[in-house]
Amino acid sequence: MRQMFLRRTALAVLLMLAATALTFALVTAAPGNVAALIAERAAGAGADGEMIARIANDLGLNDPLPVRYARWLGDALTGDFGVSLRSGKPMSVEFADRVPVTALLLLGGGVLALALSLVLGILGAMSNGGPVDRVLHGLELVGASTPNFFVAAVLVIVFAVTLGWLPSFGTGGAAAWLLPWVTIALFPASVLARVVRVNLQEAMSRPFATTGFAKGLTRGQVLLREALPNIAIPFMTTFGAQFTLMIIGAIVVERVFGLNGIGAFFIEAIRFRDFVGMQAVLTLFVVFFVSINLLVDLLAMLADPRLRRARRA
């Protein structure tokens with residue numbers, strides 16, 4: 001078990017290194033001159049070619065790409081991601097201010113998606129082709145097909161503008177988070193609900209379900225006692241994949257609802273050609289993706305002995 005954990009962790013670290021190297025190369029290849037941007041913001045119209053060349057030399061922008069990446073990686077491993085060209089603040093300060101906002105958005109949305117998917121999936125399986133199952137199936141298709149920005153606009157118009165029940169922006173209290181949480185949770189909840197429904201239906205055809213019925217259990221009791229625990233692995237892996245994708249939805253949701261999180265900062269970094277900020281945020285995204293997938297993979301192996309045997313084989 002220990003060797004398997006170390007091997008999987010080493011693979012995740014290599015994946016992070018490859019992804020950060022790729023993003024560094026792409027950001028570096030983007031149009032624009034970092035030295036010119038810094039010179040223009042420092043001296044305005046007085047920036048000249050000599051000043052730009054001096055800044056480029058001081059920052060090592062003339063060094064080969066592998067040397068620049070190695071230098072950036074060494075600084076990043078110590079927590080130094082550079083200084084944002086847009087705000088002039090160290091990226092560590094920007095992360096300290098903005099990561100908690102995005103983390104709370106993802107945490108609330110993830111919990112809501114988890115609860116909704118289980119409730120909807122179980123209700124659909126209990127109905128088993130009945131009216132409730134058909135209605136829920138239609139709602140799940142709509143939820144999985146509707147983009148976040150449209151959901152956000154509808155929720156704001158209905159609950160903030162028309163009814164005036166909830167605020168449409170900011171982080172002032174729990175009520176301000178309800179609309180962002182619902183917006184970011186709708187798509188993963190719809191996908192996960194179908195996963196729960198399909199896997200429960202498949203589990204109900206197995207011998208243990210037949211044994212449960214023979215013992216006099218109702219369909220609901222068999223679903224909850226026998227079938228539901230047996231879908232834990234596919235549900236866990238799908239939830240992990242959907243949760244990582246929520247970071248992409250956060251980019252849109254934070255802009256719509258005025259949340260000063262990492263997603264909103266990333267959009268501003270792109271607009272202002274803040275290459276330092278872009279690289280730092282992309283690195284954070286990579287670490288988030290790989291870490292969540294690693295955690296889900298390890299939890300699945302711990303929960304299912306068959307996966308451990310397959311890995312050893």
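Let me start in helix α12, where glutamate 268 and arginine 271 are separated by about one helical turn because they are three residues apart. Helices here are DSSP runs of H or I, at least four residues, numbered from the N terminus. This is a predicted model, in which local features need pLDDT of at least 70, side-chain atom pairs count only at pLDDT 80 or more, and totals for chains, interfaces and linings use all residues. Residues are numbered from 1 along each chain as its sequence is written, and side-chain values use heavy atoms, with hydrogens and water left out.

Glutamate 268 and arginine 271 form a salt bridge, with the closest N and O atoms 3.3 Å apart. The term means a side-chain nitrogen of Lys or Arg within 4 Å of a carboxyl oxygen of Asp or Glu. Glutamate 268 also forms a salt bridge with arginine 255, at 2.7 Å between the closest N and O atoms. That pair links helix α12 (residues 262-271) to helix α11 (residues 232-256).

Buried means under 20% relative accessible area, exposed over 50%, and partly exposed in between, using a 1.4 Å probe and protein chains only.

The whole structure has seven salt bridges. Another one joins aspartate 133 and arginine 197, with the closest N and O atoms 2.8 Å apart. Aspartate 133 lies in helix α6 and arginine 197 in helix α8, 64 residues apart. Both are buried.

Terms used:
Helix = DSSP H or I, 4+ residues; strand = E, 2+ residues; numbered from the N terminus.
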